[in-house]
Amino acid sequence: MAISLFDLFKVGIGPSSSHTVGPMVAACQFSEQLEALNLLSQVSSLKVDLYGSLGATGKGHGTGKAVLMGLEGALPDVVDPSIIEGRVSEIESSSVIKLLTKQAVSINVQTDLIYHRIDRLDFHANGMVLEAFAASGESLHQSTFYSVGGGFIVEENAQGEVELVEDNTVLPFEFHSAETLISLCKKHDLSIAQIMLENEKVWRSEAQIRSGIIGIWNVMEECVKNGMRNEGILPGGLKVKRRAASLYRDLTSKTRMDMITPSLGAMDWVNLYALAVNEENAAGGRVVTAPTNGAAGIIPAVLHYYWEFCPRSSEDGIIEFFLTAAAIGMLFKENASISGAEVGCQGEVGSACAMAAAGLAAATGGSPEQIENAAEIGMEHNLGLTCDPIGGLVQVPCIERNAMAAMKAINSASMAIRGDGSHYVSLDKVIRTMRDTGRDMNDKYKETSRGGLAVNVIEC
């Protein structure tokens, strides 16, 4: 299966790639299916069933809003986040939705958009069933989708089997393990970024790849700026106060000498970058899945650290960072999971931490062995991390967790660069361990808000 860098890094909206981005795409596809089958004009009403983690925490993650907007034809990379609340309110008050903005259809959001908090479908924890009905009550069309993390979706066919539509493009440097990747680097005397660049060229020209990466970086920069500008209380009911703007004012009022002691200097800025992104994500703003929305602040924070605090930072270094991070992300997606509903937060924050550590090690001159070591350290010390968002919102502990992981990624890269690349635990083994740990993890710790902080804080 061939995965592109641009599959992992997608522009979307908050607060969740699996609960918001994926369901919006799936709902849009459902409406497009109705149009392709010439059924759109016959649809009178709809029903949407959300299962597993989508049902358990979908309200807090904005899944219902994403589905409604997707049914009207909105897509995460182009929809204006500022219009979503208003449009959803109109649909709720009128009980009418316009499929692909064309066909007016009845939908009672209270009764036709159903959150199944306990039940789940077999294939994946994030399952959703959409069904369209004629005025007579006859079922016209039904589709089942799974949002498998990072905004990726798969669909079930008429026989109840999941259709995994794989990209079977032949890559010049195919790899499915870190061991193979390092071997390719040695054999062809290429860096990990160069290996990835050659693979990406099967889909795009080098100029398109570079401009696409810089475009993603620009979205991340804008997200940080927005996060440092916007203030107030995050939506959802927890009354979590946004901190990035006040932290930015505090840091910009100090000189570098002021920050030597007792402050951690650059680390304060890393915290700011991560908080800014994840507050924007929690507020439903424009973010980049990196590789998920729940972990969207880690890579931008580490990239900003590289750009602002590393002496020889450059645009070429940004390109190398992204290409290298993508290579590591692909290994996690292919051999384990990047879905919190499947393996816990280790699959989201842990994967992002490893990707960021590898990217920083590459951009600062690390060898393939040192880069692999950096990624391994980043993941090893996130093993077992649970996903237990309070109130089903991507706020507590998610926002601070991104800042902590960004710090950990920088330290992981530093430790690896100071070594010679040799280490006891390989990246492949730690990915396998993460996968196995996720399988053994109790479901209440996998984005269901039925365990951990999600219940203990509320009980207190």
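Trp 269 and Tyr 273 are both buried. Buried means under 20% relative accessible area, with a 1.4 Å probe and protein chains only. This is a predicted model, where local features need pLDDT of at least 70, side-chain atom pairs count only at pLDDT 80 or more, and totals for chains, interfaces and linings use all residues. Residues are numbered from 1 along each chain as its sequence is written, and side-chain values use heavy atoms, without hydrogens and water.

Trp 269 and Tyr 273 sit 4 residues apart in helix 11 (residues 266–282), so about one helical turn separates them. Helices are DSSP runs (H or I, at least four residues), and strands are too (E, at least two), numbered from the N terminus.

## Ring pairs

Rings of Phe, Tyr and Trp (its six-membered ring) pair if their centres lie within 6.5 Å; planes under 30 degrees apart are stacked, over 60 edge-to-face, and the rest tilted. The count is 7 aromatic pairs. In one of them, Phe 9 and Phe 322, the ring centres are 5.2 Å apart and the planes stand at 80 degrees, so this pair is edge-to-face. Phe 9 lies in the loop between helix 1 (5–8) and strand 1 (10–13), and Phe 322 in helix 13 (residues 315–335), so the pair ties together parts 313 residues apart in sequence.

Phe 9 is buried at 2% relative accessibility. Phe 322 is buried at 0%. Trp 269 and Tyr 273 have ring centres 6.1 Å apart and planes at 40 degrees, so that pair is tilted.

## A cluster

Phe 9, Phe 321 and Phe 322 make up one aromatic cluster.

Notes:
Buried < 20%, exposed > 50% of the residue type's maximum accessible area, 1.4 Å probe, protein only.
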